[in-house]
Structure formats: C-alpha cells, structure tokens
Amino acid sequence: MAERGNRPRPRGRTPRRGAPSLAVAGRTLACTVSAAVLGASGFTWYEYRSLDDGMIKSTALSEAKKNAPPHLDKSVNLLLIGLDSRKDMDGNDLPKQFVEDELHAGSSEIGGYNTNALIVLHIPANGGKVTALSVPRDDYVQTAGADGKMHKIKEAYGIAKEAAEAKLAGKGLSKAELERQSREAGRSATIQTVQSFLDVPIDHFAEVNLIGFYDIAKAVEPIQVCLNHPVDDPIIARTATHEGGGTGLKLPAGISSLNAAQALSFVRQRHHLTNGDLDRTHRQQAFISSVEYRLKQQGVLNDFGQMQKLFGVIKKDVVIDNEWNILDFAQQAPNLTGGNVEFNTLPIAGFKTIGGQEVNTVNPDLIKKIVRQLFNREPAPAALAAAPSEAPGETATATPSPSAAPKSVVDVNAAAGAGAASAESKALVELGYQAGRIGDAPARTRATTVTYGSGAKADAQQIAARYGVTAVPSSAVAVGHVVLTLAAGRTPTPTPASPSAGASASAEGSTDPAAGLPMQGPAVKAGGIPCVD
C-alpha cells in the first residue's frame with residue numbers, strides 16, 4: 001500500500017491537494033519530477049532526508065518484481081507513469097472549475113485511471129548515456145493483473161484497480177484507504193505489463209498526476225518550448241453527442257514561453273496534430289528536455305532554496321517505490337541532469353479497430369529486440385514482419401505484414417533532393433516494396449506525408465508507421481501506389497539489417513545505440529529546447 005513518510009505531508013492550496021494524474025500531463029511530469037529529484041545529488045544527507053521522509057511511498061514494486069525478467073548487469077530501469085484521472089489521491093473529484101476553466105483539461109466528470117504516459121529510463125551500469133523509451137498509450141498488448149487479457153497498455157492500471165476495489169468491498173475500509181489500496185494493484189499491474197512487453201526488469205518507478213504537473217510547471221515557469229509548425233487547438237464543448245476536446249492552445253512556430261496552464265495544454269494536445277497521440281508523445285519528451293534545461297541553466301539544481309520549492313510539490317503530488325534511495329540514485333545517474341539523455345518512441349505496426357476501440361497494433365518480438373539492442377548493446381535486430389498483437393477470437397481488419405505479396409509501388413519525393421529520395425526508395429525496396437518514381441519535393445516542405453491509392457492502404461499504413469505519420473487516401477494517387485514525401489531536413493529511416501548482414505550500414509561505427517532501429521518518429525535529445533510538431 002502506498003504510504004506517507006514520517007513527517008506531515010506538506011499541503012498546497014486545498015483544491016489541489018494531492019490530485020491524481022491526468023494522463024497527458026502525467027506523461028511529462030514524471031520525467032520532470034525525476035529531473036528535479038535528481039538535483040538532490042549535490043545536497044547533504046540531512047537535506048536528502050528532509051525530502052525522503054515526506055515522500056509518498058508505494059510497495060507495488062515488490063509484487064511486480066516477483067515476475068520480473070532477470071537483470072543482466074547493474075544498470076537501472078526507471079518507469080515514469082502519468083495517470084489520466086480527475087480525482088485526488090483519496091478518490092475525491094477535483095474541483096470542476098479548476099479542471100475545466102483554469103486547466104482546460106476537459107470535463108471534471110471524466111473518470112478512469114489510464115496511464116497515458118509510460119516512459120522507461122535506462123541508466124547504464126557504467127554511467128553512460130541515458131536512454132529513454134516512450135511506450136505509445138494505445139499499444140494493444142497482453143496486460144497483467146486480474147484481467148490478464150489483451151487491452152491497450154494504458155488500461156492495465158484501471159482494470160486492475162477496479163478488480164481490487166471489488167475484492168476490497170465490504171471490508172469496512174474508508175474511501176481514502178480503498179483508493180490507496182486499489183491504486184497499488186493498478187501500479188503493480190502496470191509495472192508487470194511493461195516488464196513483460198519490453199522484457200526488462202523495472203527497478204524503480206515514479207507516478208505523477210495532473211496537479212503535480214501543473215504545480216511543477218508553476219514552480220519553474222516560464223518554460224520555453226519549440227514548435228516546427230504553428231498550432232491552433234480550439235476548445236470544443238462537451239455535448240450529449242460529442243465528448244468535447246481541445247486545449248485552447250494557440251502558438252506560433254518557433255520558440256514560445258509558456259505558463260503552467262499553457263504547458264499543460266502543450267503536452268495534452270492531440271487534435272489538429274498530423275499524428276495525434278504519437279505527436280503528443282514527442283511533445284512530452286520535448287517538454288521534459290526543456291524543463292531540465294531550464295533548471296540547469298537557471299542554476300536551480302544547485303540552489304537548495306529553489307529545490308525546496310520543487311520538493312514541496314514533489315512530496316504532495318508524486319508517488320515513488322519504497323525501495324528507491326533517491327540520493328544514491330542521483331549520484332549513480334548524473335547524466336539525467338547533464339543533458340545526456342535521448343528519448344525514442346517505440347514503433348507501432350499499424351492501426352485497427354478491435355471491440356469498437358481504435359488501437360495500435362505492435363510486433364512484440366520486434367519490440368523486445370529493439371529494447372535489448374538499446375539497453376544491452378546487442379546487434380541490431382533483423383527486419384521482422386510488423387505482425388499485430390491480437391487476442392484469440394478477436395475480429396478485426398488485419399494489417400498485412402510487410403512480407404505479404406504483392407507489395408505496393410512506392411513513389412518517393414524528398415525536399416532534400418532526388419538523392420535522398422533515391423536512398424529512401426532503396427531502403428523500402430529492401431523491405432519488399434516495389435520501386436516507383438523518384439523526385440524532388442518543394443524545398444519548403446515541412447511535414448512528411450504518406451498518401452495512397454486504391455488497394456494500397458495496408459502498405460501505406462506500414463510505411464507511415466516508419467515515419468510516425470498517418471497514411472491518407474488520395475484519388476490523385478494511382479491504384480496500387482503509395483506516395484511518400486519527405487520533409488526538408490528529414491533523415492531517411494535506416495533499414496534494419498538482415499540476419500546475415502549484421503548491423504545496418506547506417507549503424508556501422510555509430511555510437512548511437514538506436515542507429516538502425518525502426519523507431520516511431522525522430523528521437524528527441526535533451527540538453528536544450530528541441531523543436532517538435
């Protein structure tokens with residue numbers, strides 16, 4: 001059960017006391033909190049104890065470790081969790097006016113405990129470069145816990161929590177105690193699901209919530225972010241026939257300085273983005289990088305007074321495992337606050353509608369190979385068919401694997417010129433697609449696109465997944481053809497090596513463990529203010 005430290009829990013404004021996490025916000029939050037916590041590495045033992053004694057602790061990791069994959073070395077894997085809930089840690093609804101009017105975070109009546117942010121930080125045993133992996137929230141996987149069926153990975157927490165509540169009913173627990181114990185089941189199920197999906201053990205975790213994100217952002221605002229394109233995400237009111245949506249965010253291209261409410265909107269937006277949730281995942285990563293950069297540039301990580309301000313937020317809004325010695329961890333992972341972190345998003349295979357829900361299909365074997373390559377420096381994985389995960393008996397329109405014949409003809413245009421288009425065309429041919437026309441795209445092309453003609457939808461979706469974009473049908477594209485247009489500055493996606501070829505040519509001699517691996521969109525690197533869509 002999650003428990004509080006020995007000292008009284010610091011309280012903020014009453015309406016915000018200990019609120020649970022709102023997924024989108026939580027995504028970034030967890031990492032932001034982690035960066036702040038790690039700043040403790042320069043402080044004294046007494047100062048560290050003043051933080052540790054006030055933290056909200058969880059024992060969920062102990063149960064999850066019973067089913068964890070073995071450790072291969074002394075590296076550390078940290079799971080950052082962000083929840084989507086409009087309730088506080090005692091199960092009370094957040095104030096409607098605060099959630100809807102101040103944060104523009106949708107209806108305060110929306111419930112649920114979805115983990116819309118799941119990021120694994122891998123800290124090598126030798127203290128080298130930190131690798132961060134985001135798991136798209138709609139990946140359709142085998143979940144752990146009471147249900148144990150195929151679901152979106154974000155749902156493992158809520159399903160296990162609901163089952164725990166049913167078992168605990170009638171035992172005379174208070175509402176707050178019932179909330180705490182059932183959340184422990186949700187945390188354990190989430191950790192076990194991630195461990196199984198990625199085939200790595202989780203050593204520590206941090207869970208952050210909507211209010212936590214807002215308060216952290218408030219403590220460090222203004223926060224600078226950078227957009228590749230201007231955004232306008234008007235708020236759509238909720239009605240009897242429409243769930244509503246939108247964040248109200250309106251920003252120009254380039255760097256903008258955000259207050260806390262705008263920062264929340266920045267990481268929550270998914271409408272009016274080319275790749276929806278996948279683009280939002282990159283927003284989370286960029287925000288984390290920007291906050292860490294600001295903390296370092298402003299000297300906050302070396303200023304105990306400023307850090308105490310952040311600690312006050314951390315103590316009331318963040319849950320960590322009870323085995324986590326933050327001071328030791330901070331000393332072990334200096335790169336987390338040194339900008340030497342790279343964020344990647346694990347790839348999806350395509351999209352399906354299963355049981356009335358839109359999900360991301362994934363290839364579990366490929367995911368595990370990618371993670372082993374990134375975390376353990378194994379040879380780059382062979383090109384695998386991106387076969388979707390699927391539960392027995394499910395009816396869905398399957399996305400054919402890349403090895404299925406016949407393959408579509410792919411026409412490639414690139415803003416970087418015909419040379420770049422030709423190189424990418426060759427990479428696609430190696431994956432089994434037919435070579436099509438090669439050409440230039442306008443130099444000002446700023447977004448990579450994939451369009452397709454009749455009969456080429458499945459292949460178009462597979463190709464689009466390589467670039468983290470959405471395939472769009474077009475009557476202007478010939479039957480059986482896919483048109484790929486690469487944006488200016490877009491680096492061609494390396495093709496995974498064949499089993500006999502070893503590492504891909506692009507990965508040879510590279511010090512980047514992600515080189516040659518099929519990720520979902522470009523990596524986001526810490527140490528500055530990265531620009532994203």
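Thr-115 sits in strand β4 (residues 114-123); strands here are DSSP runs of E with at least two residues, helices are runs of H or I with at least four, and both are numbered from the N terminus. The model is a predicted one, so local features need pLDDT of at least 70, side-chain atom pairs count only at pLDDT 80 or more, and totals for chains, interfaces and linings use all residues. Residues are numbered from 1 along each chain as its sequence is written, and side-chain values use heavy atoms, with hydrogens and water left out.

Thr-115 is buried, at a relative accessible area of 0% (buried is under 20%, exposed over 50%, partly exposed in between, using a 1.4 Å probe and protein chains only). Beyond its neighbours within four places in sequence, Thr-115 touches Ile-81, Gly-82, Leu-83, Arg-137, Ile-153, Lys-154, Tyr-157 and Thr-190, where contact means heavy atoms within 4.5 Å.

## Ile-153, a loop residue

Ile-153 belongs to the loop between β7 (150-152) and α5 (156-168). Ile-153 is buried too, with a relative accessible area of 1%. Setting aside neighbours within four places in sequence, its contacts include Thr-115, Leu-118, Val-135, Arg-137, Thr-193 and Phe-197. Ile-153 and Arg-137 are 16 residues apart along the chain, and 5.9 Å separates their C-alpha atoms.

## Where α6 meets α12

Two packed helices are described by the angle between their axes and the distance between the axes. For α6 (residues 175-198) and α12 (residues 364-376), the axes come within 8 Å and cross at roughly 85°. The axes are lines fitted to C-alpha atoms over the stretch in contact, with angles running from 0 to 180 degrees between N-to-C directions. That makes α6 and α12 roughly perpendicular (the label covers 65 to 115 degrees; under 35 is roughly parallel, over 145 roughly antiparallel, and the rest oblique).

On the α6 side you'll find Ser-196, Phe-197 and Leu-198, which meet Pro-364, Ile-367, Lys-368 and Val-371 in α12. By type, these residues split into five nonpolar, one polar and one charged (nonpolar: Ala, Val, Leu, Ile, Met, Phe, Trp, Tyr, Cys and Pro; charged: Asp, Glu, Lys and Arg; polar: the others, Gly among them).

## Helix α9

Helix α9 (residues 277-297) is mostly covered, with 17 of its 21 residues buried. After α9 comes Gly-299, with a positive phi near 75°.

## The whole chain

The chain has 14 helices and 23 strands. Of its 533 residues, 57% are buried.
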